[in-house]
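Hi,

Here is the model I said I'd pass along.

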Protein chains: 2
Amino acid sequence: MASPVAALHEARTSVGARRSEATEAAVLEAFVELLAEVGYAAITMEAVAKRARAGKATIYRWWPTKAYIALSLISKAKVELPTPQGLSLRSDLIDYMTRVLGMWRGDAGLPVGVLVRHCYAEAWSDPALAAALQSERLERWTLLNDMLQSARDRGELPAETDLARAKDFAMSWPLYLLMTDQVPEPDAIARMVDDTLNGLRAGLSRPPSPDT
Amino acid sequence: MASPVAALHEARTSVGARRSEATEAAVLEAFVELLAEVGYAAITMEAVAKRARAGKATIYRWWPTKAYIALSLISKAKVELPTPQGLSLRSDLIDYMTRVLGMWRGDAGLPVGVLVRHCYAEAWSDPALAAALQSERLERWTLLNDMLQSARDRGELPAETDLARAKDFAMSWPLYLLMTDQVPEPDAIARMVDDTLNGLRAGLSRPPSPDT
DNA sequence: CTTGCAAAACGAAACGTTCCGTTTCATATA
DNA sequence: TATATGAAACGGAACGTTTCGTTTTGCAAG
């Protein structure tokens with residue numbers, strides 16, 4: 001299960017030294033530090049290399065653009081999400097969103113939301129990055145998918161609910177709030193979840209109702 | 001009603017030569033051409049100046065960054081939206097979204113969605129741009145606001161609906177689809193609107209329901 | 001098992017190139 | 001007189017590549 005970024009590189013065909021994990025870690029760490037110090041836009045590959053004591057060639061060898069470094073960090077930031085309790089969709093969602101939004105906000109030190117925003121923007125002019133982002137998205141939200149499926153099985157959602165679409169729909173409202181600098185404080189997350197639930201419960205895959 | 005970008009320089013009180021509208025138009029036109037030719041990321045102020053036969057100093061005089069040029073274009077792209085029919089919220093929304101998504105997609109020649117995405121990303125590291133974007137957003141979606149208010153007056157939405165929040169909510173699903181390269185084709189817009197309507201009709205400002 | 005060798009990755013430095021954002025100049029407009 | 005403009009030139013920064021010498025790895029010959 002390679003990360004989307006690592007998947008860009010083929011398996012070894014011949015002998016030789018292996019990729020240095022120490023260097024990779026140093027690069028990512030340097031990027032995080034620079035992000036906090038100068039902001040995403042002002043980060044240069046040159047500065048990352050210097051800070052990480054890595055050769056520029058080495059960095060370009062593994063990451064075509066700084067957006068790919070950001071994507072590496074996004075991929076690494078996903079492991080800490082808990083398993084859903086399965087008591088109710090609402091409580092599961094509140095639990096899930098609380099952690100996701102906290103991660104975006106940077107409660108664990110790294111403001112992942114900043115990286116997400118820039119990655120999406122750059123992906124528009126970089127099809128390969130867009131593809132990597134999409135697979136990252138699919139992999140990341142499996143937990144949300146399980147959550148919705150359980151809820152459907154329990155009868156909390158209409159039986160004909162399109163899970164993939166429901167998953168996207170459930171993330172659209174939080175992502176909008178991220179994009180517009182309105183990420184809810186913890187005490188407002190329940191309200192956000194309820195907004196989304198109204199849409200989900202009504203049945204997301206229903207055929208269009210007749211006009212007027 | 002100056003655009004957010006122009007408003008940055010509106011306070012000019014001097015007596016001398018005035019800003020050249022011809023130059024402004026040439027710069028915007030050059031930007032549009034370059035966007036189609038090389039993509040947003042590859043656009044440089046240098047190339048814009050050369051293409052527009054404008055001095056670099058002149059461009060920096062009016063637009064601090066290329067993101068502000070993009071914002072100027074976004075602001076100019078909003079005039080063509082029609083007035084809502086007021087027959088039903090659903091038909092109004094379909095009408096509105098069809099035009100907005102067409103504009104994003106670039107049906108009128110300029111793919112505004114690309115500009116929107118990059119502007120939002122850059123706004124994260126540029127508070128002034130973020131503020132300009134927000135006021136742009138407020139101004140742009142007044143039509144949507146009217147639409148929702150009419151629907152609430154007609155009883156199509158709960159009386160206690162928070163219009164500002166409903167407006168944001170209604171745009172979040174389309175914007176997510178824009179960000180993830182899934183902008184619906186015209187025949188799928190009705191479905192998208194229905195998804196949103198389910199959330200709206202249930203009452204967006206209801207107090208949170210009790211746990212489980 | 002040991003030794004040798006080719007393949008690969010690495011840090012470091014240097015390279016030409018492009019773009020940045022500013023400054024200078026002469027000219028045009030109010 | 002005050003300001004805006006096009007054009008040109010500027011130093012500086014970052015780009016992305018290329019070189020170099022060194023280290024790590026796998027395989028194959030001895």
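First, the housekeeping. This is a predicted model, in which local features need pLDDT of at least 70 and side-chain atom pairs count only at pLDDT 80 or more, while totals for chains, interfaces and linings use all residues. Residues are numbered from 1 along each chain as its sequence is written, chains are lettered from A and ligands numbered from 1 in the order in which they are written, and side-chain values use heavy atoms, with hydrogens and water left out.

Chain A has ten helices and zero strands (DSSP runs numbered from the N terminus: H or I of at least four residues for helices, E of at least two for strands). Of its 212 residues, 51% are buried (buried means under 20% relative accessible area, exposed over 50%, partly exposed in between, with a 1.4 Å probe and protein chains only). Taking the contacts in chain A with a separation of 6 or more, 69% come from residues 24 or more positions apart (contact means heavy atoms within 4.5 Å).

One helix pair I looked at is H4 (residues 66-76) and H7 (residues 127-140) of chain A, whose axes come within 11 Å and cross at roughly 5°. The axes are lines fitted to C-alpha atoms over the stretch in contact, and angles run from 0 to 180 degrees between N-to-C directions. H4(A) and H7(A) are therefore roughly parallel to each other (under 35 degrees is roughly parallel, over 145 roughly antiparallel, 65 to 115 roughly perpendicular, and the rest oblique). H4(A) brings A:Ala67, A:Tyr68, A:Leu71, A:Ile74 and A:Ser75 to the contact, and the residues they meet in H7(A) include A:Leu129, A:Leu133 and A:Arg140. By class, the residues of this contact are eight nonpolar, one polar and two charged (Ala, Val, Leu, Ile, Met, Phe, Trp, Tyr, Cys and Pro count as nonpolar, Asp, Glu, Lys and Arg as charged, and the others, Gly among them, as polar).

Sugar and phosphate make up 73% of the atoms of DNA strand C that come within 4 Å of the protein. At the phosphate oxygens, a side-chain N or O atom of A:Thr23 sits 2.9 Å away, a backbone N or O atom of A:Ser20 3.0 Å away, and a polar backbone atom of B:Glu46 3.1 Å away.

Finally, some single residues:

- B:Cys119, in helix H6 (residues 112-123) of chain B, is buried at 0% relative accessibility. Beyond its neighbours within four places in sequence, B:Cys119 contacts B:Ala67, B:Ala70, B:Leu71, B:Ile74, B:Leu129 and B:Leu133.
- A:Thr196, in helix H10 (residues 189-201) of chain A, is buried too, with a relative accessible area of 4%.
- A:Arg53, in the loop between H2 (45-52) and H3 of chain A, is exposed at 81% relative accessibility. Phi of A:Arg53 is near 55°, a positive value in a residue other than glycine.
- B:Asp181 also has a positive phi, about 60°, although it is not a glycine.

Cheers

Notes: Near = heavy atom within 4 Å. Polar contact = N/O pair within 3.5 Å; in protein donor to acceptor, adjacent residues only side chain to side chain.
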